Amino acid sequence: MLDFAEALLDPWSTQEQVIWNLQIVFMGMMVSLSCGLVGCFVVVRRMALLGDAVSHGILPGIVIAYLITDSLSIGPVWIGACLAGLGCGASIEWLRTKTPLREDAAMGLTFTSFFALGIVLLSLEAGATHLDPACFLYGEIGLTPLSPKLELWGLPSGNQALWNMGVVCLTTMISVIVFYRFLLVTSFDCSLARSLGMPVVWIQYGLMLLLALVVVASFESVGVILVLAMMILPPVSSAFLFHRLPSILICCLPLSIFYSVAGLHLAHYMNFPISASMALAGIVIFLPCCLLGPNGGILTNNRLQIREDSRDL
Amino acid sequence: MYLPIWKKLKYTLLILVLAREASVLKAAQISSTTEQDWVNQAIRFWTFTDSSIQIIAVGAILIGINCGLMGGYVVSRRLSMFGDTLSHAVLPGIAVGFMISQSKNEAALMLGATLSGFLGVSIIALLKRHTKMKEDSAMGLVLSGFYALGICLITYLQQSPNGGMSGLESYLFGSLVGLSTGDLLPLCICLSLIIVCFVLLNKELLLSGFDPSFARSVGLPVDILQYCIWLLLAFCIVSSLQVIGVVLVSALLIIPAATAGLLTYKMSRLLVYSGIIGAFSGIAGCFLSFMGERLPAGPVIVLCSTLLFLTVLFFSPTRGILPSWLRTRKRGQRIRCENTLKACYQVLEECSFSKQSFSQTSLARRRRKSAAETEREIEALIRQGYATRQESPTEQKSELPSETMVSLTPSGWEIATRMIRNHRLWELYLTKEASYAPDHVHDDAEKIEHIIGEKTVRQIERILDNPQRDPHGKLIPSQDDIDRGWLSPPLVVDK
């Protein structure tokens, strides 16, 4: 095990390492930023576990796309995953509205069934190729620098995976900025939105689509379950610091930078998987927020209450 | 220091990774023989001659019952995702249990896992109580946080020199094949605990689950009961975990209970049904996985229960989607039919019942519908034996096709009169007893006339003292009129 100061400096000692690690940090930042931005609205709407559901639900889509095209190219896999994610979302919505099932049961039922279907399909068709299962569970963000180099107009222009994630991240940011008013009003006051003539249902579906996009883009780097961490941690932590949604959204940026940098160092220090250590870094920053945050932190709350109580006396 | 360089596409990695998982699962399937004849295979399974099959079948049934029973409680209290959270939150406990005992000691791992699941659940409760966080965010936080911690710890242990952590991955995916008699013991203990708990504390659990504030006011220790249930749930999940894995254990908690919820409203019955459904999907999944070439048992069990759920959802006689759709359709047809018959009555009433038949166009005018639509409605009436149709004998002079005349059969008459009677009585009732304005009562009566029963109509008649005329001055046919065939019973034209 390395010394602490050493661990801090070690990843940045040689030029090669700096380039390598910068790519990982940049990737992690973009993943947690786009997840966090979508996550803000998802958390506000109390659909936090939907991210978990969708990230499990995409598995059969990936497998079917692989079986149909018999190739591993990015396009079909993406389309399959997106379709399965949307199918999962639509089926949850249908079960919730058209049957006596409650939302939580509909969600749990759908995603576990999708996941089981994916595994069965996979075990029926895929051969007995051997490789480390760790990647699917923890993501493979550490391999970001290995993805093929892109060449635009004959110029080397960086990393394919980074570009993919960058496009998704940019799409997320632009959609959040463009549709900010719509998302805001529909998240907090559905009836007001309806009376203002906003297409509430379509905004809901749009958010689901964005969620599916972000989950599909992110799960290969941070793994199936940790997508959820990246989605929930930023809004939940910053909600203890700020009261208004714009501040919470903007706060996702510094948080995501912190997650990826701290995650990288933690992974380096303890030999953990990078994505899991990103989530741990998120938990580490969540704790002080939750305890001491000015906006509803546990200890600040109590102190305020005590002060108020003493004033009453 | 860095991972070896794999110069492949990320997706290659991903799919290969998935494939590897499949191979892990493939090891978990039960089928072991080279017998080709599936009948023999089936016989071999159902006679339970092999001791391994016995153990696996008993294990699957036990898990199904355990999860079904706990799930009934979980789903009816809207805590479905709670089970999912709990099943992920046990991971760090498994690693810590291994760390402390320094071996794959079953008891230590199970204790650690149960405690860690319990800790996770308590954190959710604390976050919910002391901060403004909503339940779903708290659950997501605990789920992903504990899972991340668990993965980190397991990775750390795998790298540690004493190794031996390889078996821990089975907790993520589970395997039925490794089931031994010793593994059945915790399942049996769990089942007996659940049954004892549910039988002894039936009333208390029901009350604290459905109306916590009342339970508290009666003096029940609601919080302690709640924590007991969580502990039991954690134990149930942990004992099933190594057979069915982290993700799919929540499926077995939710799906049988959701299926049972479609069948009954009563809690005790729901628990029994959901236990039975869980056991059935367990054994069915085992059987299919045994029959199939490369089917892993856990996911097949889950898919079996999903299939069962879908069957119940669509075909259950009382609340299934298909039967209730058929019922709605039939009711719609009946109401349309009754409306047409009512219009027929009104057409005949316009000419004070001087004729026994009326033309199709007069009906169309009355209903304000096109000739084609009226034609279809009359066809429907004729099909059900409520009306007959004949060509008008009088107007043969024109070149136009002669007007079609329609007359009602006695059964058609009876329904038409009854509808009119219901309608007018209800209108009168609303104006007299509920002080509605006479021009406001029509729409309401238009709906109620199809639903209101014979008994209610008589009651209304009694309240209104056998009235003759409705608020608009029209005659209300009496029950006697209906029985006698009223005023001028139409002649049934022989064909």
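## A loop in chain B

Let's start in a loop: B:Asn466 sits between H21 and H22 of chain B. Before going further, keep in mind that this is a predicted model. B:Asn466 isn't a glycine, yet its phi is positive, at about 45 degrees. Is this residue buried or exposed? B:Asn466 counts as exposed, because its relative accessibility is 52% and the cut-off for exposed is over 50%.

B:Asp465 belongs to the loop as well, which runs between helix H21 (454-463) and helix H22 (479-484) of chain B. B:Asp465 also has a positive phi, about 65 degrees, and is not a glycine either. With a relative accessible area of 61%, B:Asp465 is exposed.

## Chain B as a whole

Now step back and look at chain B. You'll find 22 helices and three strands there. The chain has 495 residues, and 53% of them count as buried. Take the contacts in chain B between residues at least 6 apart in sequence: 69% of these join residues at least 24 apart.

How confident is the predictor about chain B? The mean pLDDT is 80, and 84% of the residues in chain B reach 70 or more. Two stretches call for some caution. Over residues 1-28 of chain B, pLDDT stays under 50, and the model has 73 contacts beyond four places in sequence for that stretch. Residues 488-495 of chain B also stay under 50, and for them the model has 10 contacts beyond four places in sequence.

## Helices H3 and H12 of chain B

Next up is a pair of helices. A pair of packed helices can be described by the distance between their axes and the angle between those axes. For helix H3 (residues 51-76) and helix H12 (residues 222-244) of chain B, the axes come within 10 Å and cross at roughly 145 degrees. The crossing of H3(B) past H12(B) is left-handed.

Which residues of H3(B) and H12(B) meet? H3(B) brings B:Ile63, B:Asn66, B:Cys67, B:Met70, B:Tyr73 and B:Val74, while H12(B) brings B:Ile229, B:Leu232, B:Leu233, B:Cys236, B:Ser240 and B:Val243. Sorted by class, the contact of H3(B) with H12(B) has 10 nonpolar residues, two polar ones and no charged ones.

B:Ser274 is buried, because its relative accessible area is 0%. What does B:Ser274 touch, if you don't count residues up to four places away in sequence? The neighbours of B:Ser274 are B:Gly68, B:Leu69, B:Gly72, B:Pro256, B:Ala257 and B:Ala260.

## Over to chain A

Chain A has 15 helices and two strands. It is made of 313 residues, of which 58% count as buried. Of the contacts in chain A between residues at least 6 apart in sequence, 69% link residues at least 24 apart.

A:Val261 is partly exposed, with a relative accessible area of 30%.

## Helices H2 and H8 of chain A

Let's finish with a helix pair in chain A. How do helix H2 (residues 15-44) and helix H8 (residues 160-178) of chain A cross? Their axes come within 9 Å and cross at roughly 30 degrees. That makes H2(A) roughly parallel to H8(A), because angles under 35 degrees count that way. H2(A) passes H8(A) in a left-handed crossing.

On the H2(A) side, the residues that meet H8(A) are A:Gln23, A:Phe26, A:Met27, A:Met30, A:Val31, A:Leu33, A:Ser34, A:Leu37, A:Val38 and A:Phe41. On the H8(A) side you'll see A:Ala161, A:Leu162, A:Met165, A:Gly166, A:Cys169, A:Thr172, A:Met173 and A:Val176. By class, the contact of H2(A) with H8(A) has 14 nonpolar residues, four polar ones and no charged ones.

Definitions and conventions:
Residues are numbered from 1 along each chain as its sequence is written. Chains are lettered from A and ligands numbered from 1 in the order in which they are written. This is a predicted model: local features need pLDDT of at least 70, side-chain atom pairs count only at pLDDT 80 or more; totals for chains, interfaces and linings use all residues. Side-chain values use heavy atoms; hydrogens and water are left out. Axes are lines fitted to C-alpha atoms, for helices over the stretch in contact, and angles run from 0 to 180 degrees between N-to-C directions. Helices (H or I, at least four residues) and strands (E, at least two) are DSSP runs, numbered from the N terminus. Angles under 35 degrees count as roughly parallel, over 145 as roughly antiparallel, 65 to 115 as roughly perpendicular and the rest as oblique. A crossing is left-handed if the near helix is turned anticlockwise from the far one by less than a right angle, and right-handed if clockwise. Contact means heavy atoms within 4.5 Å. Ala, Val, Leu, Ile, Met, Phe, Trp, Tyr, Cys and Pro count as nonpolar, Asp, Glu, Lys and Arg as charged, and the others, Gly among them, as polar. Buried means under 20% relative accessible area, exposed over 50%, partly exposed in between (1.4 Å probe, protein chains only). pLDDT is the predictor's confidence in each residue, from 0 to 100.
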